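Please read these notes with the sequence and the structure open beside them. Each point can be checked by eye or with a viewer.

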Amino acid sequence: MICDEPTVLGGIRVKNRLVMPPMATESCPDGRVGTKILSHYGRISESGFYGLVIVEHAYVSPRGRATPFQLSASSDRDTEGLSKIADTVHGNGVPAVLQISHGGSRCKSSVTGHPPLGPSDTSERYRRWGCDRPEAMTEKDISDTVGDFAEAARRASDAGFDGVEVHCAHGYLLNSFYSPLGNLRDDDYGGDTVNRIRITVETVDAVKRAVKGFPVFLRFGAEDHLPGGNGAEESMAACRELEKAGTDVFDVSGGMCGYSHPLGETPGYFAASSKIVKNNVSAPVILTGGIRTSSDACRFMENGDADAIGVGRPAFHRNEWSSRFYGNLLR
């Protein structure tokens, strides 16, 4: 089966095409690594199920912290703990990529001590989604945040990770710049698709320059699936710009302020978006979303929708994937 075939994702050799997508454990008080998160990734990698593990999102700056127990990559003090995660996954023969993020307008002042930052003061929309009113970022804020991503990537490299995944999905900061629902700016970071994706392009470029040869994945919220939001045409233009900036792998998702999609629990509900991306870039594409069987996974790859499949929660529930996941652990 194609699921079990080895491949290369962004220069990283993987033994099969099943990827553990980033799913937050919310187990890091003060952002620090402890036994709970190490046990989780030990079990995940020991299963033998995955060819690649993408470790949950780590915030790149204190003001970008989305939740109280989120993992941190915002300080050099975090490198030692991050290296324990990388060593744990590598100890089971699996490569590891660290997702790095800034929560942007999804942050809460009760967590960060500051009003959230966003592309615009879109207070009405974010209040409706349960978020605090954001402050519109200045160009200095943008430049500083791009630098924060680059520094977090350097720490991931120093910790021994095989690459990083930049988070531009689910209403987090970079995604809110890309979406016309969150971005009402009239400067170089707002307006058309190329301008709205500019901060993400600059982030990818900065990471590539900060750590030469380090693979950069992108969690890409290709389409908003909301009226007035990004659709197929925008995702085509955006992914081409992002590949030119140096994106090595696209990990396709969608939806603002949550991974919303229009197809309910239909397996591979982001397949239409991932196919658009795959048809417009030469980089590998990962498809995640409700894929519960190897036959579905193989079908999406054979149809040209993706090069690898993200399997998260379905691996832990009763179905074909869970039998394979837990069966490997019990051998």
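What percentage of the 331 residues of the protein count as buried?

1. The share of buried residues is 58% of the 331 in the protein. Buried means under 20% relative accessible area, exposed means over 50%, and partly exposed lies in between, with a 1.4 Å probe and protein chains only.

2. A word on the source. This is a predicted model, in which local features need pLDDT of at least 70 and side-chain atom pairs count only at pLDDT 80 or more, while totals for chains, interfaces and linings use all residues. Residues are numbered from 1 along each chain as its sequence is written, and side-chain values use heavy atoms, with hydrogens and water left out.

3. The protein has 12 helices and 13 strands. Both are DSSP runs numbered from the N terminus: helices are H or I with at least four residues, and strands are E with at least two. The C-alpha atoms fill a box of roughly 55 × 40 × 35 Å along the principal axes.

4. Among contacts between residues at least 6 apart in sequence, 71% join residues at least 24 apart. Contact means heavy atoms within 4.5 Å.

5. Look next at helix α9 (residues 232-245) and helix α10 (residues 271-280), which pack at an angle of about 45° with their axes 9 Å apart. Axes are lines fitted to C-alpha atoms, for helices over the stretch in contact, and angles run from 0 to 180 degrees between N-to-C directions. The two helices are therefore oblique to each other. Angles under 35 degrees count as roughly parallel, over 145 as roughly antiparallel, 65 to 115 as roughly perpendicular, and the rest as oblique.

6. On the α9 side, the contact with α10 is made by A232, S235, M236, C239, R240 and E243, and on the α10 side by I276, V277 and N280. Sorted by class, this contact has 5 nonpolar, 2 polar and 2 charged residues. Here Ala, Val, Leu, Ile, Met, Phe, Trp, Tyr, Cys and Pro count as nonpolar, Asp, Glu, Lys and Arg as charged, and the others, Gly among them, as polar.

7. Helix α8 (residues 198-210) also packs on α9, at an angle of about 20° and with the axes 8 Å apart. That angle makes α8 roughly parallel to α9. T200, V201, V204, D205 and K208 of α8 meet E241, L242 and A245 of α9. By class, there are 4 nonpolar, 1 polar and 3 charged residues in this contact.

8. Which residues does A206 touch, not counting those up to four places away in sequence? They are V146 and A150. A206 is in helix α8 and is buried, with a relative accessible area of 8%. Its C-alpha atom is separated by 16 Å from that of S74, 132 residues apart along the chain.

9. A169 is in the loop between β9 (163-168) and α6 (173-178). At 0% relative accessibility, A169 counts as buried. Leaving aside residues up to four places away in sequence, A169 touches N175, R219, F220, G221 and S253. A169 and L218 are 49 residues apart in sequence, with 9.0 Å between their C-alpha atoms.

10. Is R17 buried or exposed? R17 is buried, with a relative accessible area of 13%. R17 is in the loop between β2 (12-14) and β3 (18-20). Beyond residues up to four places away in sequence, R17 touches several others, including I2, C3, M301 and D307.
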